[in-house]
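Student: Could we go through this structure together, setting each label that we use against its definition?

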Amino acid sequence: MAAKISPAIKAYYDSLDDIHQRGASNEGATRIAFQNLLDEAGKPYKIKVIAEKTIEGDKKRNIRLDGILVDDLQLRRGYWEAKDTKDDLETEILKKMQAGYPLTNTLFEDTRFAVLYQEKQRKGKYDLRNQAELTQLLDQFVGYTPPQFEEYHKAVAHFKQEIPNLAASLTKNIEDTKKVNKRFVAAFNNFLDLCRKSLNPATTAEQVEDMLKQHILTERIFRSIFQNPDFVRRNAIAAELEKMVDALVSQAFSRDAFFQKTDYFYRPIEDTARTITDYSEKQALLNALYEQFFQAYSTKTADTHGIVYTPAEIVRWMVASVQKALESEFGQRLESPGVHIIDPCVGTGTFMMEILRQIPDSMLEEKYDKELHANEVQLLPYYIAAQNIEHAYFERMGHYAPFPGLCFVDTLDLTDSPQLSMFAEENTERIEAQKAAPIRVVIGNPPYNVGQENENDNNKNRKYPVIDKQIAETYAKSSKATNKNALSDPYVKFFRWATNRLGDRDGIVCYVSNNSFLEQFAFDGMRKQLLQDFTRIYTFDLGGNVRKNPKLSGTKNNVFGIQVGVSITLLIKNSAHPERQLFYTRLDEFWTNQQKLKHLETTKDFTSENWQQLAPDARYTWLTEGLAADFDSFTPIGTKEAKSGTLLEAETIFKTYGRGVATSRDDWAYDFDVEELERKIKLFIDNYNAEVARWARRGADKTLVDDFVKYDDKVIKWSESLKARLATGKYIKFDEALIRKSLYRPFCRQFLYFDRMLNERVYVFPSIFPTGGTEVENIVICVSSVGQRAPFATLVTNIIPNLSLTVIDPFQCFPFYTYAEDGTERRENITDWALEKYRAHYGDERISKWDIFHYIYAVLHAPAYRQKYAANLKRDLPRIPFVAAEAFRSYVAAGARLAELHRDYEKVKEYPLTRLENKDVTMNWRVDEKGMRLSPDKSSLRYNEWLTLANIPPRVFDYKLGNRSALDWVIDQYRVSTDARSGLHHDPNDPDEPRAIVKLVGQVIQVSLETLTLIESLPPLA
């Protein structure tokens, strides 16, 4: 029997057949087919093909190859050259060898035959039309690792593995040295003081230790890769750190002895670095090492500062676009005298090196010395940038000169109070020169990270009083959003900083950044301000937001390989052309990152893109596609003005509304078992009160709370408000009455410890469900909040809902009643204005507020409403249209039944599923650690080893809340689990009602089917 052909080889043969059928057989036509084959063959080895790459050959002449194979550490693993079928392959190979083509692992092919060389030895000739020979060739070529690279990969893996141990060893040496070496203590404290004055007033001793350890662990690699042994003497910051190192080793600790035990992995890295002559490849190698280092050494730092490298294609496109914009807008170029350029977050220097390449030799020295500026606040990228930029200059000019425009400083600090002192006089002089420079161009890749998810990471974005105040007075003040937390993202601060830095001057800002500002409601004020501050805006949406579009596969559609969307923004301020214009274009969301980068490489700059001019609406929405104009004419379900009480008569349906409860410690504050919840909360309170007592005993030690607390999820899950309570010395007392029922996720009830002290935000719920008794009579409609990423969802409940019912998005909740916080003074929350409006519209005085409540719930479920107004519901709370008079009562009835089904789902009769029992397993109603799992066709559900529930109707999965069906939510939540960080165990099984979960599965299926029947029977909206 013939061997099965691999999909990649079949695709290759099919491509060739298609090419030949179209009458094309030249190298240009067939090359892409073989390139795709190599790409597929390389995936298991983490190897990709870089097409049409120019390198220096063995005879020191530049040669252009059809492709180079590179691995995940950016090392060259092979070379590929394609020839025409009409050429004589052997003759062409001889020509290439004479031209100096490398033969370490090189493949020559003409679609019929291929010849492989490895380590200058011919390995054989292969018939590409023979599947077996082609398979053998691919294995030999793509799977080959040069011996020195094999050692290098082992060394890098060892390097990454050993970094934590080496850092720990260094930490111990530093702490031991502090006890006996006064010279080191003085040097350390001096450096700490300089950091607090120069970089961040809140710099801790731990952070200074980190800088010292990073310097010691990596400077040897820098020296060997760049062949620059004088770097620590030439660089002002490295020289300052070396003073600490000298003090550190002056007595007990030997630097040479420390490195002697690390030779086994440093040496292969150094040996490999010496074999690389191409400087861009040295940079790629160092960047890869740097990424490996931070992954192992400090993931927190990588997260906060966005350690992501900008692909060369993006850098070139942006620099070329700035060049074109300078020419068209101002008649200038990058090299023009007086055009000062700054990269405020230079990273490893890629933008600045590309700018150097664009400047003619005759003008480079003057530009380099006076008009190029760059800042970096992280030590390692600062080192790399210095060496990269200075080496790039050296290669161009033939002599070394330090880059005077590079500053070790936090850019966002430069808007705050004047620096008191810097690390060294040279750095101070550089910063002062930069502050005085009339910046004309700002370009770069600012960090983006909206904030830490877990307070116990102690990794918050830093606050900058001046820039934060400016954002509050512009972007935030102009916003109509209630929740403006997204404006704390560092990239937003850099947009504000760049605008400020241009000041009254005309100029250009070009950033590649998170693209959240394009659509999210919280950025409406930022969008408004940008159009006021700049005359022309070009936004190139590169997409790649995995969280927004779950159809994307992992991160392969993102140019950075991350999960948030990315865009390039070109902002132009030209007072000679004051008309405001906004342009937008985007790439296919489903293109891979390589396709997107190839597009940028092909178009070269912004003048070759297909721009669409946008006309923002009155609310500064830029992307208005899909918005229905009639939505704004409908009655608002709720407004901020009505909620705040600023209007005498609120023209809205509900007076007040609010978010669900956010605990910031769900694993501690929620549980299926009331006794387990009580045990956890008592333990948590004991641990917290012990910390309050420890805080009170600290005496003269005025350590900041962030540095005082012990970060351990197994003891206390800290949050911002809990730290604030600790700082005021507030103790917590357990109260059994605070244990309440809560809707944690759709159709998943748990117990909640409902307490202002232990819940980060309770919002308005103390006035909605203040007591257990109010759960009998009150009910709330929960809806996806503005800016939701998942499809719009709504659900009613008569118990306290969690803020993120569907995990991804927060929910706003509209109650029928509100109360005083002791449960008295019940008030209807639907306005009298709304009641009169409905009665007048339908000419029916019998309409009640309950009718309106149920009518709204039905409208929110109507498929036509959700489909037509999907875009509107992402930027606004729902607005409710009037249906035809004859349809009103049908909507009321449907809404009442939907509310009953969703609120009382545990009372619904079960859908009759077929129970398949495993006779080899003892009867058991418990959901086990493996959890419930659907079969591939979703027709049956593995409940546990003993029981399978079969004959699930396919239609049940059409009823969704967010990205999941109601049944999927039950499967997801009702599982035995242990939280990795806190170690807390969650078990949904109820020993008093062992069949409860099986029953719930049947009930939710029945609820889903009835819901679908009801919403599909609703009359048309109009």
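**Labels and their cut-offs**

Student: Why is Asp992 called exposed?

Tutor: Asp992 has a relative accessible area of 71%, and exposed means over 50%, with buried under 20% and partly exposed in between (1.4 Å probe, protein chains only), so Asp992 is exposed. This is a predicted model, in which local features need pLDDT of at least 70 and side-chain atom pairs count only at pLDDT 80 or more, while totals for chains, interfaces and linings use all residues. Residues are numbered from 1 along each chain as its sequence is written, and side-chain values use heavy atoms, leaving out hydrogens and water.

Student: Where is Asp992 found, and which residues gather with Asp992 in a patch of negative charge?

Tutor: Asp992 lies in the loop between strand 35 (985-986) and helix 35 (996-1016), where helices (H or I, at least four residues) and strands (E, at least two) are DSSP runs numbered from the N terminus. The surface patch brings Asp992 together with Asp673, Glu675, Asp990 and Glu993.

Student: What makes strand 4 mostly covered?

Tutor: Five of the five residues of strand 4 (residues 105-109) are buried. Asn105, Leu107 and Glu109 point one way, and Thr106 and Phe108 the other. In a regular strand the side chains alternate between the two faces of the sheet.

Student: How do you know that strand 3 and strand 4 pair?

Tutor: Two strands pair if DSSP finds at least two bridges between them; strand 3 (residues 76-82) and strand 4 have four bridges, in the parallel sense, so they pair. Leu107 in strand 4 is the bridge partner of Trp80.

Technical notes: Patches are made of residues with over 30% relative accessible area and no salt bridge: like charges are joined within 9 Å, nonpolar side chains (Val, Leu, Ile, Met, Phe, Trp, Tyr) within 5 Å. Accessible areas come from the Shrake-Rupley method with a 1.4 Å probe; for residues, only the protein chains shown count as cover. A salt bridge is a side-chain nitrogen of Lys or Arg within 4 Å of a carboxyl oxygen of Asp or Glu. Lys and Arg count as positive and Asp and Glu as negative; His and the chain ends are not counted. The place of a charge is taken as NZ of Lys, CZ of Arg, CG of Asp or CD of Glu.
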